[in-house]
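Hi everyone, thanks for coming.

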Amino acid sequence: MGTITVIASGKGGVGKSTTTVGLGSALARGGKSVLLIDGDSGMRTLDLFTGVAESLVFDISDVISGSCEPIRAIYPCKGCENLYLLPASASYESRVKPELFNRLITGLSGYYDHIIIDSPAGIGEG
């Protein structure tokens, strides 16, 4: 089972996404397999940071709804071998319930050395 890390803060704009990508990239360059998960439904940015925005077809809400298997919604990040992204839903209305999110993360942790979750700002449901 891989290590699961959550990057969180009650305030937006403090560098959570930057830290997530930087930490993930460093681990991947060190030979670890790393999955980044964007937890900010409706405000996702990790797809832009990792260079996969233009190739997105599926996201985490598609996996949870059963529209696709996880491997089809996980994208290799450009320029960094061993680094992958599972993007957040593009709309806030399609956000994933915490219990389903936890179940998915637990299942995926067996396939990666590290899972790093970029959480949304604030202390709300996200």
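Predicted model: local features only at pLDDT ≥ 70, side-chain atom pairs only at ≥ 80, totals over all residues.

Residues are numbered from 1 along each chain as its sequence is written, and side-chain values use heavy atoms, with hydrogens and water left out.

So, helix 1. Helices (H or I, at least four residues) and strands (E, at least two) are DSSP runs, numbered from the N terminus. Which residues of helix 1 are buried? They are Lys-16, Ser-17, Thr-20, Val-21, Gly-24, Ser-25 and Ala-28; buried means under 20% relative accessible area, exposed over 50%, partly exposed in between (1.4 Å probe, protein chains only). Seen down the axis of helix 1, these buried residues fall within an arc of 160° (taken from the directions from the helix axis to the C-beta atoms), so they line one face. On the other side, Thr-18 and Arg-29 are exposed.

Now the salt bridges: a side-chain nitrogen of Lys or Arg within 4 Å of a carboxyl oxygen of Asp or Glu. The whole structure has 3 of them. Arg-44 pairs with Asp-47, with the closest N and O atoms 3.7 Å apart, and with Asp-59 at 3.6 Å, N to O. Asp-59 sits in the loop between helix 2 and helix 3, and Arg-44 in the loop between strand 2 and helix 2, 15 residues apart. Finally, Glu-69 bridges to Arg-72 at 3.8 Å between the closest N and O atoms.
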